[in-house]
Amino acid sequence: MKTKYSSLFTLPYLLWSLIFIIVPMGLVVVFAFTTDSGQFTLDYVSQVGEYTNVLVRSVWLAAIATVICLVIGYPLAFIMSRMPGFQQQTMLMLIMLPMWMNFLLRTYAWMTILEKNGLLNKLLGFIGLGPFDMINTQGAVVLGMVYNYLPFMILPLYSIMTKIDSRTIEAAQDLGANTKNVFLRIVIPMSLPGISTGITMVFVPSVSTFIISRMLGGGGNLLIGDLIDLQFLGNAYNPHLGSAISLVLMVLILLCMSLLNQFNGDEEREGMLL
Amino acid sequence: MKWLSKTYIWVIMLFLYAPIGVLIFFSFNQSKSRSNFTGFTLDWYTRLFHNDLILQSLLNTLIVALVSSVIATVIGTAAAVGLNSMKKWKKSLIMNITYLPIVNPEIVIGVSFMLLFVLAQGLLGRINLGFEFGYGTLILAHVTFNLPYVILNVLPKMRQMDKYVYEAALDLGCPPVKAFFRVVLPEIMPGILSGFLMAFTYSLDDFVISYFVSGASSQTLPITIYSMTRRKVSPEINAISAIIFVVVLLVLLLVNFHGAHKERVSRREGGLA
Amino acid sequence: MKRLICLALAVLLLILFAVPAFADESVEVTDESYYTKFQGQNLSISVYNWGEYISDGSDDTVDVNAAFEKLTGIKVLYTTFATNEELYAKIKSGGASYDIIIPSDYMVARMINEELIQPLDFANIPNARFLDEEYLYTDFDPEGAYSVPYTWGTVGIIYNTQYVDEEDTHSWDLLWDERYMGEILMFSNPRDSFAIALKRLGYSMNSTSEEQLRDACESLKDQKPLVQAYVMDEIFDKMEGEEAMIAPYYAGDAIIMADENPNLAFSIPDEGTNRFIDSICIPANAKQKEAAEMYINFLCEPQIAAANIDFIGYSTPNLAAYELLDEDMRQNSIAYPDQTVLQNTEAFVFLPAGISTLMDKLWTEILSNDESYSKWTIPAFLLVGIFFSIAINVRRMVQKKKESLL
């Protein structure tokens, strides 16, 4: 299909991404460094420093949620990948099904479970425990993140593990490797790219969420996302500061991803960022 | 070992489905309480269907999702066709731009769209081309975040395609346009379809970006749900959850059975041959 | 696959159309001919109101918007917000255009000051004659040119009588009482929260002194460990379901909540409190000004105003509507407290830009305050990250070179 004009087909797309991807991103940068009257300033960017505790909290909670997702998701993905075909399909569907439901509803569901007079406390009450304060805590926020983004961890892990040939594992076993060694030397190294994709796909939405913290965190546990929302559609209307915070968030995420990509090895990286 | 992994799966499934089950269960609750079940009723469902706000936003959601995913599919497919024959460095540059909306946090995309549209509103307003936030802004934003999914679905199909088939068609005197529609398009159709479906579902479900670009007259369902969660609780929310869950379940089941059926048919044919 | 999509769409469409049209609302109005002006022109107005702030037809009440649509042929696009500040951000950013908004007193003042709302043409709002002049000409809109009062009320403490001693409820100190740690809810908007903190410290809730605001901010920070959540309308659910025991909120909502859960009571602290007025305004960039004025007029119809007041529980500035209310509602001391209580209230006034920005900033600080870190933490983190990234790449390059030399 190498005709002279075929690259013309990409023109509408290029134009579109110029106007709706590059320009808006540029605007965020411009807004972060200018005042209302259009003068250059570093005020807003340096103001972000005042919210360091919010940034640190967001990264910290997101990191915990990511680690939990990895710990829960890894064994599941492995078990799934060793199942017979039809069961694999069913499992895949079962894991994707909740993802298709609106995440607001899913988070709302946890509100009803974690409440002081909620179901979990009632159940615990039957066996003489509690009641515990579960909602409106940081733990609830982490739980919300894990619940919402767990499938994002499982799916890439699963798809990379289906590519690990069972014969490789059998061969290792035949050569005398024990279970621990099989995992440490074969399964984990071979699934590294899946791990790093999974971590990105859980970490990025977790660190930037603003609904989960509002619904499950009680409004007193602001995260970066809440901070940005407050500057654009909330109490403290200030798009310049909001842009500066968004910029910091973007840089933070790009950096985390580039660090992560270092562990990806030199495999084909066509088009992958950084 | 086997029972261990079985229990493990069950525990995770419980974790994934318990909240949804609870939501659905309480949609049949007579009282408004979220934790005391007082009796069975279908009231909340009838109320839901008499709630204009919800029905209107459902319609809005469908319109936006359909229009934006169709536009994204057309532009994205064209882009993928063009990209396939590009030089390597050019291609990887464009692919990097394509990944931007996927890796960027949703809230940053939403905010950047809001800045763009407010600015455009000011500029265009000056030459009397003013517009409001509404369907237009929603669709523009949705197309943008849908495009990468279409491209990423079509591009692999383009790569797999045997390019000599197209050339053969040309050699046999078929005009390029006709050859494209007759030869190339059918070949990459599965990619286009799955790209379209993915775009459609992402669009249906999107909250964060829509939240920043929707206007007075164009609230989508997720935005309406959000404002419902911030008010007095009404089990209508549970009723919506139940309906969405059932619809999604049906669609997935159909897709799966369809797929399984096709697989079986092809296997049988393979066996016969 | 194609069939599948068709099927899904068909199901959805079926759901949409299976729904019968549901608008059989007729109401009595003072001058029916006035409302026929835009009949058949297919106009629509967008209304941006507080959540739970209009009679919506649930539980056999009047569906006000449907009644208006039926009477005038003007379609109402109705959406809601949760705080004045949220409303302000939406209007200020200019993204969406609304025809009707219902801000509170101080926000009306701020919007007049920033020319975000426009003067009304009272010739189109004849029903304004039903309004109590005390609420029509106010400090925030002295000439009564920009706003028409919708409701008024006071702020007080809602508490659960099963757990909280009535004795304690006469002071705002209750919200700082450590015995109720984790049982307290607080406003999630800066103006109301600061008003309480300022009043408790003996200052005016309209204080423009930076020092007093910082005092209030400190005391709100002290309060934070005791607070279960910062909420607005989520409060209904949490108080009725006994998730929390104490919350400051608006008097009218207390009446509604007490209807649902008889354990709930309302008290106005002795230090004094805020008396607010929520007013109907038309934004400067409204598309359908006249139709919007018709809507305002409709909301001032005694029948409609009474239906709304019945639904939302707030106090009405509409004298004719007041006469239509039930006897026990008119005598309700929560909605219509006696003069001695009202004398001890303060209305919010417009704060200079610098002060309200400071308040917003302090508020964000309160919500985000927990631990404190050096402001260099993030830049340092970024630098370390970049350093690692470079180091790994350099090492890899060196290794590659070595390999190629071998």
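Me: How many residues does the contact take from chain B and from chain A?
Reply: The model is a predicted one. Contact here means heavy atoms within 4.5 Å. By that rule, the contact takes 82 residues from chain B and 79 residues from chain A.

Me: What area is buried between chain B and chain A?
Reply: The size of an interface is often given as the accessible area lost when the parts come together. Between chain B and chain A, carbon and sulfur atoms give 79% of that area. B:F15, B:R34 and B:L115 supply 9% of what chain B buries against chain A, more than any other three residues. The total buried between the two chains is about 7,800 Å².

Me: How many residue pairs are in polar contact across the interface of chain B and chain A?
Reply: The count of salt bridges between chain B and chain A is zero. Polar contacts are found, with both residues at pLDDT 80 or more, and the number of pairs is eight.

Me: Which helix gives the most to the side of chain B that touches chain A?
Reply: The residues of this side divide into 60 nonpolar, 16 polar and six charged. The helix that gives the most supplies 13 residues and spans residues 2-26 of chain B. That is helix α1.

Me: Which strands of chain C stand at the edges of the sheet?
Reply: The sheet in chain C is open, with three strands in the order β2-β1-β3 and parallel pairing. Each edge strand has a single partner strand, so one side of it is left without a neighbour in the sheet. The edge strands are β2 (75-81) and β3 (100-101) of chain C.

Note on methods: Residues are numbered from 1 along each chain as its sequence is written. Chains are lettered from A and ligands numbered from 1 in the order in which they are written. This is a predicted model: local features need pLDDT of at least 70, side-chain atom pairs count only at pLDDT 80 or more; totals for chains, interfaces and linings use all residues. Side-chain values use heavy atoms; hydrogens and water are left out. Buried area is the accessible area (1.4 Å probe) that two parts lose on being put together, summed over both. A salt bridge is a side-chain nitrogen of Lys or Arg within 4 Å of a carboxyl oxygen of Asp or Glu. A polar contact is a pair of N or O atoms within 3.5 Å; within protein, one must be able to donate a hydrogen and the other to accept it, and residues adjacent in sequence count only if both atoms are side-chain atoms. Helices (H or I, at least four residues) and strands (E, at least two) are DSSP runs, numbered from the N terminus. Ala, Val, Leu, Ile, Met, Phe, Trp, Tyr, Cys and Pro count as nonpolar, Asp, Glu, Lys and Arg as charged, and the others, Gly among them, as polar. Two strands pair if DSSP finds at least two bridges between them.
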